[in-house]
Each structure stands twice: as C-alpha cells, then as structure tokens.
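Work through the exercises below with the sequence and the model in view. Try each task before reading its solution.

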Amino acid sequence: MNKGLCNWRLFSLFGMMALLLAGCGKPFLSTLQPAGEVADMQYSLMLLSTSIMVLVIVVVAIIFVYVVIRFRRRKGEENKIPKQVEGSHKLEIIWTVIPIILLLILAVPTVLTTFKLADVKAMNDKKRDKDTVVVNVRANQYWWEFEYPDYGIITSQDLVVPTNEKVYFNLIASDVKHSFWIPAVGGKMDTNTDNKNQFWLVFDQKATDKAGGVFYGKCAELCGPSHALMDFKVRPLPRDQFDAWVKKMQNVKKPVVTDPVAKEGEAIFNKSCIGCHAVTPVDKRPEQARTAPNLANFGDRERIAGILEHNEENLKKWLRDPNSVKPGNKMAGTYGHLTEEQIDALAKYLMSLKVE
Ligand code: CUA
C-alpha cells in the first residue's frame with residue numbers, strides 16, 4: 001500500500017480514538033473520576049487489581065523474552081536436549097504460591113470493601129434518625145421514579161440528594177429488570193421486580209461542583225428497545241438547599257397556572273393525562289397506580305424524556321410522537337391525536353410546572 005495513505009489512515013484512527021476516549025473522561029459520567037466515598041473505594045480496588053494484572057503481564061513477558069533469547073538453539077548444539085525440569089517441586093511450589101499471594105492481596109481489601117458497601121443497617125433501623133436520607137427508586141420502561149418516604153414526596157427523572165453524607169437507596173422495578181447506575185458516584189445495582197436491593201452512595205460536594213452540579217445516571221441492564229435512552233440526572237445539593245427543596249416540594253398543593261395558553265393546556269391535561277401523571281409531589285396512590293412519571297416539577301427538569309435538551313420545542317416533539325424519541329415507551333398510543341394548538345398549550349402548561 002502507498003506509505004503516505006497508510007500513515008494518513010493510522011493518523012485518522014488515532015485521531016478518532018483520541019476523540020472517542022476523551023469522551024470517557026467527563027467528571028459527570030466517568031468512573032475514573034470518582035465523585036464520592038463509594039466511588040473512591042471502588043476506584044482504589046480497580047487500581048489495585050489493574051496493577052496486579054499489569055505486574056503479572058510484565059513479569060511473564062520479561063521471563064518469556066529472556067527464555068527465548070537465552071535458550072535458543074545455537075550452532076553446533078542442534079542435537080543437544082536441554083535439562084528437563086518437569087516435576088520440579090521447587091518450581092511447582094513457586095508458581096502455586098505466587099498466585100495465592102496475589103489473590104490474597106486482591107481478596108482482603110475487596111471483601112472488606114464489599115461488606116462496607118453493603119452496610120445498610122442505618123436505613124433499616126425502625127427508629128432511624130430523621131436526618132438519614134432514604135430514597136425509594138422504582139425503575140420503569142423507560143423512566144425513573146424517586147420517592148422520599150420520610151418526606152412524603154415523589155419526583156421523577158431528576159434525583160435530588162444532599163451532598164457529603166450517606167444517601168440510602170431501596171431499589172425496585174415495576175416491569176422488567178433494570179439497573180440503577182450513576183457511574184461517577186458508584187457501581188451499578190440491579191432493580192428487580194420481586195425483591196428489594198439496597199445500597200448507599202455519597203455525593204461529594206467538590207466533585208459535584210466540578211461536574212457542573214449534575215451527574216448523569218443510566219440504566220445498565222438491557223430492558224427493551226429504549227434501554228440506551230433510559231437516562232436520569234442527579235442534582236446533589238448542600239444540605240440546607242436540599243432541605244429547602246424538600247420543603248418547597250411538600251408545599252406544592254396544586255399547580256398555579258396564570259398564563260391563558262397554559263390554562264388551556266391544563267384543561268387538556270386534566271382531561272387526558274392526569275389519569276397516569278400526577279402534578280403534585282405528594283401522591284398517595286400505591287405504586288402500581290403510578291404508571292407514569294410525576295410531573296410536579298417538570299419545568300425544573302434537566303431533560304425532556306430524560307435525554308433531549310430541556311426546551312419547549314423538544315417537549316412538543318415528544319408530545320407529537322413519543323415513539324420517535326423513545327421507541328417502545330408506554331405513553332405512545334394512550335391518547336388520541338393532538339392538534340398543533342393543543343400541543344402548544346400542553347407544552348406551555350407543562351413547562352410552567354415548577355417548584356424552584
Ligand atoms: Cu431500563 Cu435498561
């Protein structure tokens with residue numbers, strides 16, 4: 001092949017890889033930029049296991065090269081058979097003991113960390129401290145519900161938590177298996193339909209600032225055609241701001257709508273959407289009845305449908321044809337045709353739903 005062309009190809013390959021891999025290092029998304037106590041512990045384990053693996057590879061490679069050079073067949077020695085060492089006790093013991101030591105170095109911190117990460121006593125304590133923040137996470141095709149049982153409020157898609165303290169999670173799913181994952185803050189955990197998984201995370205304030213105030217959350221279990229679009233966002237706040245947010249949420253009794261177009265939207269909403277979507281954060285219905293995201297603070301959200309930029313245009317796109325945004329979602333087909341006028345009114349109304 002033409003040498004110039006080959007170089008050029010190699011150059012563009014590296015260029016593309018650089019672009020691609022640079023995308024992996026964002027502070028709001030990367031496990032390699034740990035943003036809390038849990039992520040720190042897990043990152044240390046990753047470093048430890050990677051170092052051990054690299055050490056093994058390097059040592060084996062060095063021995064391999066040494067042996068290939070040192071014991072290669074030389075002129076005049078074509079018929080010489082090297083000293084046979086099979087069954088050597090000394091060698092057998094050496095290459096049995098070394099891996100055992102390496103495994104112990106790996107196992108002790110891993111087991112200790114695993115127990116530490118699984119310690120959810122504080123959340124299951126019947127008389128738990130009222131400052132202990134517990135969130136019930138319920139995963140649905142393809143949206144997330146976050147219920148704060150101690151505060152009596154529910155929100156969807158945007159998880160709000162206090163920084164620099166343990167936040168405990170109850171994880172369940174309402175339809176199929178999903179997996180709750182905030183890559184920068186801690187490893188994933190499955191949400192199941194038949195049992196509750198529990199764990200805790202810490203959201204570091206400094207890391208939150210560095211990430212621009214929002215961490216990205218993902219569904220990490222193949223759950224249907226829109227699995228890859230089942231995103232959520234996390235907004236960690238300093239404790240006093242978090243408390244203020246909770247207060248505001250608790251005080252939303254019903255949406256306050258003044259704009260005339262939004263009022264029209266409210267009328268349409270109350271006719272066709274309210275059966276599934278609640279518009280107040282205090283929702284006393286059992287979870288089976290909560291079949292769609294709570295929209296109480298829809299106007300404050302980070303994204304439309306979890307993935308699109310938060311603006312009226314995208315909201316209209318979603319209302320016009322939800323399947324074009326998230327194939328296989330449960331909202332498509334639940335309401336009749338909306339005219340452009342109705343869509344405008346609904347969008348105005350939904351964007352006006354704010355608590356902040
Ligand atoms: Cu839910 Cu993948």
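**Exercise 1: Overall form**

The chain contains ten helices and twelve strands, where helices (H or I, at least four residues) and strands (E, at least two) are DSSP runs numbered from the N terminus. This is a predicted model in which local features need pLDDT of at least 70 and side-chain atom pairs count only at pLDDT 80 or more, while totals for chains, interfaces and linings use all residues. Residues are numbered from 1 along each chain as its sequence is written, and side-chain values use heavy atoms, with hydrogens and water left out.

Solution. 
- Step 1. Look at the extent: the C-alpha trace spans about 100 × 65 × 35 Å along its principal axes.

**Exercise 2: The annotated domain**

Task: Describe the secondary structure of residues 260-354.

Solution. 
- Step 1. An unreviewed UniProt entry lists these residues as "domain: Cytochrome c"; such annotations may be inferred rather than shown by experiment.
- Step 2. Over residues 260-354 the chain is 40% helix and 4% strand.
- Step 3. The end C-alpha atoms of this range are 17 Å apart.

**Exercise 3: Cysteines**

Task: Find how many disulfides the model has.

Solution. 
- Step 1. Apply the rule that a disulfide is a pair of cysteine sulfur atoms within 2.5 Å.
- Step 2. The count is zero disulfides.
- Step 3. Check Cys273: its nearest cysteine sulfur belongs to Cys276 and is 8.5 Å away.
- Step 4. Cys273 is buried, at 18% relative accessible area (buried means under 20%, exposed over 50%, partly exposed in between, with a 1.4 Å probe and protein chains only).
- Step 5. Cys219, at 7%, is buried as well.

**Exercise 4: Asn294**

Task: Where does Asn294 lie, and is Asn294 buried or exposed?

Solution. 
- Step 1. Asn294 sits in the loop between α7 (260-272) and β11 (303-304).
- Step 2. Its relative accessibility is 2%, so Asn294 is buried.
- Step 3. List contacts (heavy atoms within 4.5 Å): leaving aside neighbours within four places in sequence, Asn294 touches residues including Ile154, Thr155, Ser156 and Arg301.
- Step 4. A polar atom of the Asn294 side chain lies 2.9 Å from the backbone nitrogen of Ala296.

Note on methods. A polar contact is a pair of N or O atoms within 3.5 Å; within protein, one must be able to donate a hydrogen and the other to accept it, and residues adjacent in sequence count only if both atoms are side-chain atoms.
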